[in-house]
Structure formats: structure tokens, C-alpha cells
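Let's take a friendly walk through a protein model, one neighbourhood at a time. Keep the picture at hand as you read.

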Amino acid sequence: MIWRLRFKFLANITFSPPKSRSFSALHHLASPLKLSTDGNPRIYPPFKSFSNQQQPSHNPQPIFLTHQIVLTTLQNCPSDLVALSFFLWCARQPHYFHDKPTFRHMVGVVSTLTQSYRTVKGIVHELEAVGCVTKAQTLLLLMRIYWCGTMYPMVIEAFQDMCYYGYTPNTYARNIVMDVRFKLGDANAALKILGETESPNFLSFNIAICNLCRLNDVDNIRGVLRRMLMKGYYMNLETYTLVFNCFCKFGRLEEALQLLGVMIVLGGHVSENVWGILIDGFCKSGQIEVAAYLREKMVEIGCSPNVVTCTPMIKGFMESRMPAKAFEILGALKSKGCFPDLVLCNVLIDCLSKMGWYDDAFEVFSSLRERRLMPDVYTYSSIVSTICLSGQYVLLPFLTSGFAVQPDLVVCNSLLNYYCKSGYPDFAVEFYDDMIDRGFQPDKYSYAGLLSALCKSGRRDEALNVYRGIIRICPGIDAHIHTIIINELTKSGGFDGARIFLREAAAKKYSLDAVSYNVVIYGLIMGSKMNEAYTLFSQMKETNVAPDKQSYNRILSGFCKDRNFSMVKHVLPEVFERNIEIEYHTYRLMKNLLCDSPETLSAFNHLFELRNSEQLFLVDGHDSGTDARNNSLTNYRDILHLGTASSDEFSDDAIVSVG
């Protein structure tokens, strides 16, 4: 059916708009259009002009409005003001509602009008000038258009103008402006609007909860959720999932369980996704037993755990050194026909390598071909890390042959570390240059790999120059970068230079940690400069860097080497107070020193206090003080006599690895 609307103006029209706004253009407002033939189109009253126009007396033909007709007409309008007028007229027709494509088209129209007339009042004034009566619906539709186009300040202006023109915003308008306030980051103002809404509906609460989840505002989520339930509204599954995810993300696991109970009592369907979020949350918090209990409950209600649900549990059991339970879950999955996906394989490779089960990790990686799984960047990073930890560097070409993956920065950093540890520091430097040429933006791990490679290849001056350049670019760089240079200075015998370097770094407020200080402290001890080492240990505490287990063990070992009983006696109370774990080799040195001390009784008291404090480091599963507890004081000297302490008593682990 072909139709055309024509407008004839009465002679008594009093306003005279400029030519640019002439309503003569409305003669071509609707070009010939075909009505859609699918379905039963709605029938509407005859089109009425925006002015006092008379209709022909002969039988008027009914007008069929469809979304396609309206959109095409809007696209063919001769001006934006005419398009907005027609848009508003269509919205006033009974049983007709604009769809999303129409609103998206109007975003550009209203944006242009806003640039021309600056304010919402300016647009409303121009609409009135061409015969459009201002109604609450006019401002509400403008709010919706601005909202659709993310022009949030204009939404607020239209809302305020609604009150200016004497209209009371309804719940829908308040929902829009509340969402806008949330989007602008003003959660307090948004919640105030919600609280002032006389008749909030489901959308009011749903908008608030979804935005609070996006803002990670867990405390306010509880209040809004409580009020929502009191009003008799219940969340849908998507919103439940958002809230569960937010609670678990921030460790509010008890509240998550309470919400699960509410969901079950209200008859809501607990999906596998919700169970997975809960299980993952408890696994990340270290409560693997609770996660296992939830998995059992999940099975009891007839919901079968899938690979996605079980992956965090398998990871949690592996990290908790309970591989048997992890493999039990893995076997249960396989018995149901669920086989590991790439994410689970990546988790297995990473966890097995960290447990020292390198062959098993390699086996999982090799099985990817059989499972027809293509490794991603995380797979490559994990297998490269496994190779570096196992020291089997020759395996990399064999394991990765035949796989193609587009490397990202994580993979490049892993390979950089691989080349450093496998004895090819020069190639690592070349690889770094190639990374830069290919457009990768280096991060702190890239810088660490480059500095390690330069230091290992004996290019100390170049390493220092690169370090200074890194500091200029990134003054707040990670402490590990400073530690690499400090370690290089210490290993080359420049103890004083390393100490000065550390002091300057602390004065410049660089990011330093306990490892940075431990490297220099260990170097000074090995250089027989115990007084300087203890001075640095004291300065470390003054700069608010808390000494760790290694710090105290190095200091105690150093004083034992110098046979300085008074300083050992001075440091030990602090060790007990901070509950610092004593390493086995340090304990052996202390036993040798205390037995030869002139203050034998005091020495024995300190030693027994140490043994009974449960702060001894377990070696091969045996307490180093157990034998001494079972022997009397008369033969104690013979049991503990280990010879003169020497630098050999320091373990190789005392040297900090920066490669």
C-alpha cells in the first residue's frame, strides 16, 4: 500500500518561522513507503498536523505505523527539528512504542539539536515554536534519547527541567536519572534518588544492585537487597549471579551463603554458574573443605558439576598439597564423560610444576595434541616456567614444535627468563631488542629479564645505564629491578658501592623491599663486615621496611660466625616477639656458640626457649630440636658440638636469585 501525507496550513496561522524551519517541508515528510506484509499491523487514527489543520471531508484512510516505516520516515526528514517533532507525535499514538533502532537514530538527531540550541530548554522552545505542545512525555523521551546516547549531563538537565515545567517525575524517569548518577560514579546521589522514589518498582532495585555490583560497593548492596525483598521483589538469575560474584570477589563468603539460602527458600533455580562462583570463592580463600562440601550438596540436588565448576577445586587441592583429592575429582569428571579443557590443562601444568612434578606437567602438555586442544599464551608461559624450574632447557624446542601461537607480552617475558636461565644471556638481550622492534611495550618483568641478561653476560656498565633509563621512565618501578642491580654490585665485591646505592635509593623513596636489603646484608656478612651489616639491618627498620625471616636468620648467623654472644642475646627477643621461623643451619650455628658461651646457664635458657617456641624450621619432616629435648644436660655439649662455624654454614639459598 502506497501512502503519502500532505499538510495544508490554515490562513490564520499567526507564527512565521524562518525558512530553515518552514513547515512546508512537511509536504515531503513521508516519502512513498511500502507497508510490511508480515503479521497484523496496528491501525491508528488519521495523522493530525501539529497545527490547527483541517482534514479532508472524504473518507480518511487508516494509517499503519510500523517500526520500519517510522525509522525510514525519520531518516528522510528534511531537518532534525522536523524529525524530532515526528518522533514525538508517533510516541503519542495509542499502542505504539519506539524500538531501539529508532532511539539510536534519534541520538544523532538530538545531539545535533543540542549543539545548535545548547540546552534542553532551547530545544523545547524550538519545538513549541513549530506547534508542539510541551508535555511530561516530551521531556521523558528526551531523557531516554540522551540516556541511550550516554549524554549523561543532558539527562540530568532534562530531569531537572521536568520539575521546572511543573511536572512530577514518575518512577521511570527517576530510574533513568538514578542509573545516570551511578554511571557518573556518584553512588550516594543515586541511592538518595532511590530512597526518595515513592513507588520503586523491580527495575528501580535491579538498576541499583547491578550498578553497585559494578562499583564493587558490597555494603550498599546488602541494604538495597534487603529493601527489595521487603517490597516483595525478587532478583532474577542474572542479578543473583552478579551479587554472588561480588560477594565472593571480596571474601564476603558468609553473606554469599546466606544469599544462597534465600535463593533456595524463594524457589529460585541455582544454576551451575552460581555453584561455580561459590566454589571458586571458597577455594580462593583457602577454605577448600567448604568448597568440597558445596560440591557434594550440588550433586545432592541433582546439579552435576562440570569441568568449569571443578577446575578451582582441583587447583585448590593441588595448592594445598592434596593431589590425591584433586585426582579423585578429575577421575569423577572423566567417568561422566567430562574431559579437561584447555583452562584445566593450564592449571594442571602450573600446579604440577610448582609441586616439583615436572614429568607429569610435561605429560599433560604433550597430551594436548591427543585432546585436540590448541595451546594458548598461558599454556606456553606455564610450560616455559616448568622447563626453567626443572632445568631441562633442551626440552623447549621438542615440546613446542608443531604448535603455533601468537605470543603476547607474558610469553615473551617467559622466553626472556628462559634464555637467561638456560645460559644464553646474549641471546636474551637480542630477544628483548626484537620484542621492542615488534611493538611490545615492556613491563617490569621485561626490564628484570633484560637487566639479568646484561649482568650475567658481564655487561655491568650497560646494565647500570639501562637501569638509570628505566628509573627516568618509571620512577615507581618494582623493588625487584633495584634488587637486580644491588645483587650485581654485591656479587662483584662492591659491598660499599651496593650499600651506598641502597642508601641513595632509600633517600629517593624508591620502592625497596626486604629482599633488596637482604642482598646487601648477606654480602657484608660474607665480607666480614658484621657491624655494617647490623647498621643496615637497623636502617632497614627505620625506613619502614619490615625485616623478614631471611633478614633475621642472616643477622643471627653472622653474629654466630663472629662468636658475638651478646648480640645474639640482643636479637633473639625480637625474633620471639615477631614469631620469626629459625632456619636449621642458623640453629646449628647458635647451638655451637651458646655451648661455648661463658654464660652457660643463660645460654641454655635461651636455647631451650628457642626449642620450645615451635619456631624451628623443619628439615625433611624432622624437628631439629627433637634429639636435644630427649637428652640430659650432662651430655648436651657432646651432642651439640659441631666444630668451629665457618662461611660454609651459610646455605646456597641465602643468595637471592634475580635471573
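## Asp-426 and its contacts

Leaving out neighbours within four places in sequence, Asp-426 is in contact with Ser-457 and Arg-459, where contact means heavy atoms within 4.5 Å. Ser-457 is 31 residues away from Asp-426 along the chain, yet their C-alpha atoms are separated by 6.4 Å. Asp-426 itself lies in helix H22, residues 425-437. Helices here are DSSP runs of H or I with at least four residues, strands are runs of E with at least two, and both are numbered from the N terminus.

## About the model

This is a predicted model, in which local features need pLDDT of at least 70 and side-chain atom pairs count only at pLDDT 80 or more, while totals for chains, interfaces and linings use all residues. Residues are numbered from 1 along each chain as its sequence is written, and side-chain values use heavy atoms, with hydrogens and water left out.

## The whole protein

The protein has 34 helices and two strands. Of its 659 residues, 48% are buried. Take the contacts between residues at least 6 apart in sequence: 66% of them join residues at least 24 apart.

## Aromatic pairs

How many aromatic pairs does the structure hold? There are nine. Rings of Phe, Tyr and Trp (its six-membered ring) pair if their centres lie within 6.5 Å; planes under 30 degrees apart count as stacked, over 60 as edge-to-face and the rest as tilted. Phe-205 sits in helix H9 (residues 202-214) and Tyr-233 in the loop between helix H10 (218-230) and helix H11 (237-249), so the pair ties together parts that are 28 residues apart in sequence. Phe-205 counts as buried because its relative accessibility is 0%, whereas Tyr-233, at 27%, counts as partly exposed.

Another pair joins Phe-327 and Trp-357: the centres are 6.4 Å apart and the planes are at 25 degrees, so the pair is stacked. Phe-327 belongs to helix H16 (residues 323-335) and Trp-357 to the loop between helix H17 (342-354) and helix H18 (358-366), so parts 30 residues apart in sequence are tied together. Both residues count as partly exposed, with relative accessibility of 37% for Phe-327 and 32% for Trp-357. Beyond its neighbours within four places in sequence, Phe-327 is in contact with Leu-352 as well as Trp-357. The C-alpha atoms of Phe-327 and Ile-314, which are 13 residues apart along the chain, are separated by 7.6 Å.

Tyr-534, Phe-537, Tyr-552 and Phe-559 form one aromatic cluster. Elsewhere, Lys-121 lies over the face of Tyr-164, at 4.4 Å from the ring centre. A charge sits over a ring if NZ of Lys or CZ of Arg is within 6 Å of the ring centre and within 35 degrees of the ring normal.

## Where H10 meets H11

Which residues make the contact between these two helices? The axes of H10 and H11 come within 10 Å and cross at roughly 140 degrees. The contact is made by Val-218, Ile-221 and Arg-222 of H10 and by Val-243, Cys-246 and Phe-247 of H11. Axes are lines fitted to C-alpha atoms, for helices over the stretch in contact, and angles run from 0 to 180 degrees between N-to-C directions.

Asn-413 has its place in helix H21 (residues 409-421) and, at 11% relative accessibility, counts as buried. Not counting residues up to four places away in sequence, Asn-413 touches Met-435, Asp-443, Tyr-445 and Ser-446.

Most residues other than glycine have a negative phi. Asn-216, in the loop between H9 and H10, has a positive phi near 60 degrees. Asn-579 has a positive phi of about 55 degrees and is placed in the loop between helix H30 (565-577) and helix H31 (584-595). Asn-216 counts as partly exposed at 30% relative accessibility, whereas Asn-579, at 55%, counts as exposed.

Note on methods: Buried means under 20% relative accessible area, exposed over 50%, partly exposed in between (1.4 Å probe, protein chains only).
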